[in-house]
Amino acid sequence: MKMSESKKSARREETAGLMEYSTENLVPFGPIHPALKEPEYFKLVLEGEKIVEVIPRIGYVHRGLEKAAEGRPWVQNMYMFERTCGICSFVHSLCYGQAVEELTMYKVPKRAKYIRLIIAELERIHSHLLWVGLMGHWAGFETLFMWVWQDREIVLDIVETISGNRVHKSMNAFCGVRRDMPENMEDHIVEKMKYLAGRARYYREIIDTEETMLERTQKVGKLSVDTVEKLCAVGPMARYVGIQNDVRLNDPYAAYDEVPFSIVTRNEGDVQGLLRLRLDELIVSTDLITYAVKHLPEGPIRVKIPPVIPAGEHSSRCEAPRGEIFYYVKSTGGRTPDRVKSRQPTLANLPAALEMLKGQTLADVPIVLTAIDPCFGCMDRMSFLDTETNKQWTWSGEQLRQYGIKHYFPNQSRNSPILKETHP
Amino acid sequence: MLKQLETWARKRSPWVYHINASSCNGCDIELVASLTPTYDIERFGAVLVPSPRHADVLIVTGTVNAQTKDRLRKVYEQLPDPKHVIALGACAAAGGVFKGCYNVGQGVQDVIPVDMFVPGCPPRPEAIMYGVLKLLGEVK
Amino acid sequence: MSEVFLQRVEGCAVDAHTKPTQLRERETLVEVEQQYVKQFVSKVWNDGISRRLSTITGLDLGERIGIIYHFWQNKDTLHVRTTVQKTSSTAVSIVDIIPGAILYEMEIHDLFGVTFVGNPWMDKKLLLPETWPDDLPPPLLKTSKSPEIRKRLKLEAE
């Protein structure tokens, strides 16, 4: 009895416990292996096939932006924070810009607000399409991945025509945008939005009927409303259980208070619900862009402001494709900020993701982790510890993906030599 | 004779392993976009492989921070000879816009030898393909 | 409604022996001492004033370290600010009220060196690399300089 007690406490120290509200029973296991010197991304503790615990280790993309921002001029920071994330870059610079603009006495022109809305929604479409494609890839449905990414090129072409770049648009400036909408683009954009909405409906049909997707996404990754709220999940992770958490509705910014916006929520609470949610949001985005492009007001696109920002503190939030982005800015009246704090939505959704993984099988891990739409590096490496067999091993994301496909569709998958040599 | 055949095969069908060393994902999504039908790097024979032991070419994206430095070195050692390294993007070349930040290195060439730099923030898929193919032209 | 929100915040503030200040139209700041933080946050969360915690920010205020909790509900934002001493500081953890705050507190622990009493993951690093030397002060203090940190982490050109 004493032996297992000390093992129990040893394990508790190693894993540093679970979140307080969870009612997990600790299962004693053998000696801890300190052999894993390489810092892993996630450490998953299994009991046979089921996951019982997940310990996150992020910091792979920690570059020290917040410290660097304190030494750079206000305007330079805007383009640095844009590169926090390649997929939701515009919203980062928008949120930072909004937080700083409020400290000055200048107002953003109306036309700029509409252009900001158009670019933000284009970014949302491209991000959701990217995600749907990746879900197809992880589920083993390569065709979906290829088709969706081809449709995504349409969005990137429009973005390139407006801003000059596909990924880091650099459209934002303080109190305005840097470039105007090109002339005679209205019809082209409206036509493409109609096409994309049609494609989204088609993909919706696929995920509702295609067996590959149904098997992998139905009833996977379930969370209750109470858990989601307590874990402060944001964006689609909150809306997929029915919580009306959308900054565009609750705290409108840019031109969202002037355009007809309808929030999308679902009640399924599983990954299939997330798929439906994001595709529906895509359709809403196409409507928003069509409306904004048709009702674009005339006027200036920018108000130039002095490089010194008055003292004060302000915070701002925006709805990125992944959820709520939050920026807090503090100025002491100089040319450089005193403190800039940015909180990405993936950090907010991480506790919910860890909770979603519990009780799932190993084969579901890539689907569940991708479902939160993570924006950190990639799922490079995961380490596993099976408490029943005492085996420990490390897999790359690709190995895990192939394991998942083999588990669900044993007759279809190719015999992967890589899986043979690495599967314990 | 066998050596010539080997070189020809490697030139015609480079197996590429991609590692993300603390990147913002911009370069990564442009790399993945080069696989999609619009750009289709696979028609040149390039294939993304899941393990470094099967690769000829290593593509590195991102600034190299203290956490990923050792991992990058280890992955480079796992690649079988002869190997080539492509540093993708401004961050991999010299730190990009993050140069001087406290957890950012000086670029990939500080850690492992680099054969080809593809500039851009992020580089377009066409630029990536040009970089990969130009590198193969160097393979003797 | 903004007035209702402000009134309810004032109600909570009285118990915490403090008064809210209006930063601008829909943004309120409340300075709370460490001993009242848990009680205040519990009231805000459980009495339905706000069920949305955006994040927790750490701040180097010169003499002390500031910790700001950012709450919001519809268009109203509430910043709850508390301060702790600069070195070897401990702060109260709200993880038992709001489990989702666990990672935010870990971040402040990494970047400012504040230990949150009650947070089960204080022994783990969230963001800082494994090779971070133990004697190096936390990076986001004003006294920590980037070039020095880079040298210690061996990120300078060899």
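**Figure 1. Chain A as a whole.** In the predicted model, chain A contains 16 helices and nine strands. Of its 424 residues, 52% are buried. Among contacts in chain A with a separation of 6 or more, 69% are between residues 24 or more positions apart.

**Figure 2. Helix H13 of chain A.** This helix covers residues 345-357 of chain A, 13 residues in number, and spans 18 Å from its first C-alpha to its last, close to the expected 18 Å at 1.5 Å a residue. A kink of about 35° in H13(A) is centred on A:Pro351. The helix is largely enclosed by the rest of the structure, because 12 of its 13 residues are buried. The buried residues of H13(A) include A:Pro345, A:Leu347, A:Asn349, A:Leu350 and A:Glu355, as well as A:Pro351. After H13(A) comes A:Gly359, with a positive phi near 90°.

**Figure 3. The contact between the two domains of chain A.** Chain A is assigned a domain 1, made of residues 2-60 and 347-422, and a domain 2, made of residues 65-343. Their contact involves 22 residues of domain 1 and 29 residues of domain 2. On the domain 1 side, the elements that give two or more residues are H13, helix H14 (365-371) and helix H15 (397-408) of chain A. H13(A) has the largest share of that side, with seven residues. Sorted by class, the domain 1 side holds 15 nonpolar, three polar and four charged residues.

**Figure 4. The loop at A:Asn184.** A:Asn184 sits in the loop that lies between strand S4 (176-177) and helix H7 (186-209) of chain A. Is A:Asn184 buried or exposed? A:Asn184 is exposed, because 7 other C-beta atoms lie within 10 Å, and a residue with 12 or fewer counts as exposed. A distance of 39 Å separates the C-alpha atoms of A:Asn184 and A:Arg335, which are 151 residues apart along the chain.

**Figure 5. The open sheet of chain B.** Five strands of chain B make up an open sheet with parallel pairing, in the order S2-S1-S3-S4-S5. The edges are strand S2 (47-48) and strand S5 (116-118) of chain B; each has a single partner strand, so one side of each has no neighbour in the sheet. Within this chain, strand S1 (residues 15-20) and strand S3 (residues 57-61) run parallel and are joined by five bridges. B:Val16 has B:Val57 in S3(B) as its bridge partner.

**Figure 6. The contact between chain B and chain A.** Here 29 residues of chain B meet 34 residues of chain A. Helix H2 (26-33) and helix H3 (66-78) of chain B each give at least two residues to the chain B side. H2(B) gives the most to that side, namely five residues. By class, the chain B side consists of 12 nonpolar, 13 polar and four charged residues.

**Figure 7. The contact between chain C and chain A.** The contact takes 31 residues from chain C and 30 residues from chain A. On the chain C side, at least two residues each come from strand S3 (53-60), strand S4 (64-73) and helix H3 (102-112) of chain C. S3(C) gives the most, with five residues. The class counts for the chain C side are 16 nonpolar, eight polar and seven charged residues.

**Figure 8. A hairpin in chain C.** Strand S1 (residues 20-24) of chain C lies largely in the open, because the number of buried residues among its five is zero. S1(C) runs antiparallel to strand S2 (residues 27-31) of chain C, and four bridges join the two. Two residues lie between S1(C) and S2(C) in the hairpin that they form. Opposite C:Thr21 stands C:Leu29 in S2(C).

Terms used:
Residues are numbered from 1 along each chain as its sequence is written. Chains are lettered from A and ligands numbered from 1 in the order in which they are written. This is a predicted model: local features need pLDDT of at least 70, side-chain atom pairs count only at pLDDT 80 or more; totals for chains, interfaces and linings use all residues. Two residues are in contact if their C-beta atoms, placed from the backbone, lie within 7 Å. Ala, Val, Leu, Ile, Met, Phe, Trp, Tyr, Cys and Pro count as nonpolar, Asp, Glu, Lys and Arg as charged, and the others, Gly among them, as polar. The expected span of a helix is 1.5 Å times one less than its number of residues. The bend at a residue is the angle between axes fitted to the seven residues ending there and the seven starting there. A residue is buried if 20 or more other C-beta atoms lie within 10 Å of its own, exposed if 12 or fewer, and partly exposed in between; C-beta atoms are placed from the backbone. Domain bounds come from an automatic or database domain assignment. Two strands pair if DSSP finds at least two bridges between them.
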